[in-house]
Amino acid sequence: MSTITPNQAACGSWKSPISAQMLTAKSVRLAEPRFDPADNKSCYWLESRPQEKGRNCIVKRDGSGKTVDITPAPINVRSKAHEYGGGHYCVNAGIIYFVLASDQRIYSIDTSTNSAAKSASPIAITADGPYRYADLSFDSIRGQLLAIREDHATKPGDEHQEEGHQIVAISIKDGTTQILQQGCDFYSNPCLSPSGDQLSWLSWNHPHMPWDNSQVWCANINTDTQLSNIRKIAGGNSQAPESCFQPSWSPDGQLYWVSDKNNWWNLYRLNSNGDGTDSDTECVFEMAAEFATPQWVFGMSCYGFIDADNLLCCYSQDGQWQLACIDFEQHTLNQLDTPYSDLSALIASNGRAAFLCASATTAQELLLIDGGHNTIVARSSASTLDSGYLAAPQAITYPTGNGSNNTDNNEQAHAFYYPPCNNDYQPMANEQPPLIVLAHGGPTGATESSLNLKIQYWSSRGFAVLDVNYRGSTGYGRVYRDKLKNNWGITDVEDACAGAEYLIQKGLADKDRVAIKGSSAGGYTVLAALTFSDTFKAGCSLYGIGDLQTLATDTHKFESRYLDALIGPWPETKDIYRERSPINHIDKLNCPVIFFQGLDDKVVPPNQAEDMFEALMKKGIATAYVPFKGEGHGFRQAANIERALEGELDFYGKVFGFIPADDIKPVEIKNADSLTQKEAH
């Protein structure tokens, strides 16, 4: 039996079957599975389609297994509340209620009388106005929608006024809107009890983010939607912060939620007729695991009720997600074996469940559990790949912090390491691969170990990749998450540098060909690491932040006080903002950087990338700037997703001195003559 010896070739120049087009041509983004409470057979979900310029389409799978688009083109279902949106639609008795991206009004489509989606015509529920809606749910008792409304109306002469937030009830007959609750800076998760006589919700206020300090509330609600006996059930205050997540009612009328008051996001419930005092609440199952994730968007869910006695949930431990069933009668948590390492958007009711899932070798799928049968009803990618081109993620923990080479400081960071992997190639003799260190966004977020073709794109071309869960990431308890407080631009940078140095010391990466890449908040970590350390030789910033002072005064309401905890109160600590802003220390940034930016970005405006690009050009550093019209915070259009990935490869090729095997359009690099042979390695 003969074997084929892989070709020796310079890392970075390997030909790979994983193309940029593969990320878009046969792929969609799946989100928000939903059940119809009046129909125990159908399942709905959202598909974001890069080939349709990122259009969000509601898709239905009926009881016979037939799948059909409910919202035909050009309808784009997307809430822009908080800019990130979420909770874009709900369904009841075959009628879909959704937010239309173009005008942010709520519309309905009746699927019960239409056999084909093309014959369905949307009907406007809400009037035109300065509003954005999210977190939609249906109140069948009163024939109305419950939603979060973001009010963008400004008073004359007060253009700096922040938008208001309310919980509202909307009549499906005439769009009449009643404000149920207001006064807090933010609301989410309006949820009716099964009997319809109680309403629960989540709220939080500046300067806190929902994962820092939030509260669960409950009130009695009568037939004309008047609230009474409003009371706080759980949540902290500025002196004793506590993050709550996903208040939900069980089928027998008990209120559940997730809280991190004991360091870990665990499940809690309110005992019958309790008023929220500590003696009336209990932890359902205490363990060192996270039953929640940062609430960046509306409509997130990590658990659901199969029935009154059984709760299905997903939780994270050591960066890996697990599936479990909690049996209330037996007081047990039974872990369910699955091949998946990433689970999200879990819903359950009436003996059915659905959730999004992915593994190290499979892209995200929507799994439906019904009557003991598991059915994959949707896949995010139709592409199939030989495992010989897929690098297996390796979870690593390494020393970090001041003096990261000293293991006695007890500071550690977590990451997933991906070695170069391609059946057809091996490195040149004595060659260590170039390394890309990834800094996830948020920064309150986390990276997962499930299949990510944007990572495999690089590893299959001969790069090593380190995907870092720096201190401040979620999934490792609140203490770990809080290590970024007042330390953004320091702790995350230390962890990115320490991770790169850890691999270099082990001979797994070339110290002269180390790049760092990140988007949004991760883009700030990129620019800070390039400015305040000399570990990296190149960087890629996607809609990243170079000027913290500008961000503090020029971003949307949801994140307008986010930096208070990460940096310090603004403007009292403006000297710290100035000190940690890479734009103010261009003299220290001495390596090539490429910038990608959406010109419609309201979260991190284009001036952030443009100012950094201009400063590097004036200094004579090799740099490139690739703007995209029609893109906001994150790229949705296929051509732009492909261009960003291929442009980055072209950039690294010129910086690190290899020729990509791909036939790609080069990016325009300013000061390209500064890339000497020594720098290009």
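Strands S15 (residues 198-204) and S16 pair in the antiparallel sense, joined by 6 bridges. The model is predicted. Across this pairing, Trp201 stands opposite Trp217 in S16.

Now follow S16 to its other partner. Strand S17 (residues 227-235) runs antiparallel to S16, and 6 bridges join them. The hairpin of S16 and S17 has 5 residues between the strands. In that hairpin, Thr225 takes a positive phi near 70°.

How many residues of S16 are buried? The count is 5 of the 7 in the strand, which spans residues 215-221. S16 is therefore largely enclosed by the rest of the structure.

Strand S28 covers residues 365-370 and strand S29 covers residues 373-379. They run antiparallel, with 6 bridges between them. Leu367 has Ile376 in S29 as its bridge partner. This hairpin has 2 residues between its strands. Gly371 takes a positive phi near 60° there.

Is Ser316 buried or exposed? Its relative accessible area is 4%, so Ser316 counts as buried, the cut-off being under 20%. Leaving aside residues up to four places away in sequence, Ser316 touches Ala289, Glu290, Trp321 and Gly475. Tyr476 is 160 residues from Ser316 along the chain, yet their C-alpha atoms are separated by 8.3 Å.

Key:
Residues are numbered from 1 along each chain as its sequence is written. This is a predicted model: local features need pLDDT of at least 70, side-chain atom pairs count only at pLDDT 80 or more; totals for chains, interfaces and linings use all residues. Side-chain values use heavy atoms; hydrogens and water are left out. Buried means under 20% relative accessible area, exposed over 50%, partly exposed in between (1.4 Å probe, protein chains only). Contact means heavy atoms within 4.5 Å. Two strands pair if DSSP finds at least two bridges between them. Helices (H or I, at least four residues) and strands (E, at least two) are DSSP runs, numbered from the N terminus.
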